Amino acid sequence: MKALALLLALCVVPAAARADEALWNLLRAGGQVLFIRHATTTPGVGDPQGFRLDDCASQRNLSRDGQEEARRLGEALRRQKVPIGAVVSSPWCRCTETAQLAFGRVDEKWDALGNLFGRAPNADAQVKAMQPRIAGYRGKENLVLVSHGSTAYALAGLSPRQAEVLVLTPLGKDGFRVAGRLGPLR
């Protein structure tokens, strides 16, 4: 009888929902790396000519929708009881603001998470800096890295949407694997 009930449940619950629940369970257990692309920005590509990292007004920043997306991301992770450890961000303001709105803090700004759009020659060095930190992560909570789509692509070969989470499972000397994707979260 239990086997029949399980079979019926598997037929009724869509495969995507089962996959999402498995990913949430993985995150609730901790030890993962959440690689988050910043939330939605004002329209455009890249940053304005002459932008400065020390001047948010000179950069492309989060839109009002993006600010709300970042808040919803944090709320969804809290609702799912996902333990959050260190929150590390690219120094770009759209990333630090995403982290602040979602998690209430930025514990570290890390140049390795910086935007690679228009800065492709930096890709190898940044990926080489990120890989050991991700692969070697062993925390009880989840490490959060807030970055850019171009950086995610260089690291994992994936182009996440704005406010999307790539869940990376550290594998030690063998690097990491992409366990799944979440979001943008509602």
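Which two cysteines form a disulfide here, and how far apart are their sulfur atoms? Let's start with that one. The pair is C56 and C93, and the two sulfurs sit 1.9 Å apart. Before I go on, please keep in mind that what you see above is a predicted model.

If you search the whole structure, you find one of them. Its ends come from distant parts of the chain, 37 residues apart. C56 belongs to the loop between strand 1 and helix 3, while C93 is in helix 4, which covers residues 93-103. The angle about the S-S bond is -80°, and the link between C56 and C93 is left-handed.

How exposed are the two ends? C56 has 38% relative accessibility, so it counts as partly exposed. C93, on the other hand, comes out at 7%, and that makes it buried.

A disulfide needs the sulfurs within 2.5 Å. C95 is buried too, with a relative accessible area of 0%.

Is S63 buried or exposed? It's buried: its relative accessibility is 17%, and the cut-off for buried is under 20%. And what does S63 touch, once you leave aside its neighbours within four places in sequence? Three threonines in a row: T40, T41 and T42.

Last stop, the two helices. The axes of helix 3 and helix 4 come within 7 Å, crossing at roughly 45°. That angle is why we call helix 3 and helix 4 oblique to each other. Their crossing is right-handed.

So who meets whom? On the helix 3 side, we have Q67, A70, R71, L73, G74, L77 and R78. Facing them from helix 4 are E97, T98, L101, A102 and F103. Sort the residues of that contact by type and you get six nonpolar, three polar and three charged.

Key:
Residues are numbered from 1 along each chain as its sequence is written. This is a predicted model: local features need pLDDT of at least 70, side-chain atom pairs count only at pLDDT 80 or more; totals for chains, interfaces and linings use all residues. Side-chain values use heavy atoms; hydrogens and water are left out. Buried means under 20% relative accessible area, exposed over 50%, partly exposed in between (1.4 Å probe, protein chains only). Contact means heavy atoms within 4.5 Å. Helices (H or I, at least four residues) and strands (E, at least two) are DSSP runs, numbered from the N terminus. Axes are lines fitted to C-alpha atoms, for helices over the stretch in contact, and angles run from 0 to 180 degrees between N-to-C directions. Angles under 35 degrees count as roughly parallel, over 145 as roughly antiparallel, 65 to 115 as roughly perpendicular and the rest as oblique. A crossing is left-handed if the near helix is turned anticlockwise from the far one by less than a right angle, and right-handed if clockwise. Ala, Val, Leu, Ile, Met, Phe, Trp, Tyr, Cys and Pro count as nonpolar, Asp, Glu, Lys and Arg as charged, and the others, Gly among them, as polar.
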